[in-house]
Amino acid sequence: MAKITDVARRAGVSPSTVSYALSGKRPISEATRRRVQAAVRELGYRTDDGGRSWSGARAKVLALAVPMRPGIHVPVVTQFAVSVVTAARARDHDVLLLTQGEGDEGIGRVTETGLADGVIVTDVQLQDPRLPLLRSCSLPSVLIGVPAEADGLTCVDLDFRAAGELCVDHLAGLGHRTVALVGSPPEVYVRRTAFARRLVEGFTAAADRHGLASVALPCGTGRDAARAVAERLLRDLPALTALVVHNEPLVDPLIEAFEQLGMRVPGDLSLTAVCPAPVAAAARVPVTSVAVPAAELGARAVHLLIRKLSGAPVPGTTLLPPRLTERASTAPRGH
């Protein structure tokens, strides 16, 4: 069965030009339109749904790209998915889940077949390989995350750089002079995942601004990983009295590991986290935290995508300001 990429190759144009020529969404020169139509006839190209791209009819379906990659924390992915589904159903749309780990094949398939009217993209990397397709194809999109170059895209996210700064500002305000960041698993940084990299930038910038001794370390998940990173931090930073955690599954294991090493929270070590509020509140010591607002981000993404589908203007990038909630895990240094 011929694909839109086959038509594009035969006509000597991009897939997005084929889409525009068939849908009429943008003006295409008559000569280009004829080449596309000739290629369509020669290849027998039709969309799987019987030609919706010809008529412009809507599927009333939104695609949600949630790639299941190494280092992904499934409960957080689930929170985003539930929020998108809930917001989409409130607007009479269903949701098609795309879980392919790498590349843009899933998005390309949705574009070619017309299975969805638009796509919400998660786990955005600073140089995301999906961006060229998102910029060139006719499928409207919203990213939950902000790549390094966001021109021409619609993005929404928590301001993770500001979140990292806010945690350090809080700890510095309590008199702490040595602070560490225990971050996401190493593979998340290797992929240059935008939210993780930006939080490190904010953490480092705020520590430098306050003149603090600091270090940022990636960490896997599980009690063994928590114990290993705690031991390394106390060995490399014996004056450590403050910690920022950006790795949701490690909140409780880290508290336990430091306690086993003789560091009480918050008596000897003040701990903050960037994580969902329920995780912070339910920890063995309730944790001062900046909440990751999954429900709000999912609802915002759906709202923006529906507006794009209606032709209404939308902002390029929307960053939600971080909010820190104080709990029992932080105290003045030496308290």
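Where in the chain is the place of Asp-92? In this predicted model, Asp-92 sits in the loop between α5 and β2 (94-98), and its phi is near 65°, a positive value in a residue other than glycine. With a relative accessible area of 45%, Asp-92 is partly exposed.

Arg-192 also has a positive phi, of about 60°, although it is not a glycine. Its location is the loop between α9 and α10, and at 34% relative accessibility Arg-192 counts as partly exposed. The table sets out these residues together with Gly-44, which follows α3 and has a positive phi near 70°.

| Residue | Phi | Location |
|---|---|---|
| Arg-192 | about 60° | loop between α9 and α10 |
| Gly-44 | near 70° | follows α3 |

Another backbone feature is the cis peptide bond that joins Val-265 and Pro-266, for which omega is about 10°; Pro-266 itself is found in the loop between α12 (251-260) and β9.

Helix α3, which Gly-44 follows, covers residues 30-43, and its 14 residues reach 20 Å from the first C-alpha to the last, close to the 20 Å expected at 1.5 Å a residue. Within α3, the residues Thr-32, Arg-33, Val-36, Ala-39 and Val-40 are buried. These residues lie on the same side of α3, because they cover an arc of only 125° around the axis. An α-helix has 3.6 residues a turn, so residues three or four places apart point the same way. On the other side of α3, by contrast, Arg-34, Arg-41 and Glu-42 are exposed.

Asp-117 counts as buried because its relative accessibility is 9%, which is under the 20% limit. A polar atom of the Asp-117 side chain lies 2.7 Å from the backbone nitrogen of Lys-60.

The second largest pocket holds about 610 Å³ of space. Its lining is made up of 33 residues, and those nearest the centre of the pocket are Ile-72, His-73, Val-76, Phe-80 and Phe-195. The elements that give two or more residues to this lining are α5 (74-90), α9 (186-190), α10 (194-210) and β9 (270-275), and the largest share, three residues, comes from α5. Sorted by class, the lining of the second largest pocket has 19 nonpolar, nine polar and five charged residues.

Technical notes. Residues are numbered from 1 along each chain as its sequence is written. This is a predicted model: local features need pLDDT of at least 70, side-chain atom pairs count only at pLDDT 80 or more; totals for chains, interfaces and linings use all residues. Side-chain values use heavy atoms; hydrogens and water are left out. Helices (H or I, at least four residues) and strands (E, at least two) are DSSP runs, numbered from the N terminus. The expected span of a helix is 1.5 Å times one less than its number of residues. Buried means under 20% relative accessible area, exposed over 50%, partly exposed in between (1.4 Å probe, protein chains only). The arc is that of the directions from the helix axis to the C-beta atoms. On a 1 Å grid over the protein atoms alone, a cavity is a set of points where a 1.4 Å probe fits but cannot get out, and a pocket is an open set with protein on both sides within 12 Å along at least five of seven lines; lining residues have an atom within 4 Å of a point. Grid points are joined across faces, edges and corners, and a volume is the space filled by probe spheres set on the points. Ala, Val, Leu, Ile, Met, Phe, Trp, Tyr, Cys and Pro count as nonpolar, Asp, Glu, Lys and Arg as charged, and the others, Gly among them, as polar. A polar contact is a pair of N or O atoms within 3.5 Å; within protein, one must be able to donate a hydrogen and the other to accept it, and residues adjacent in sequence count only if both atoms are side-chain atoms.
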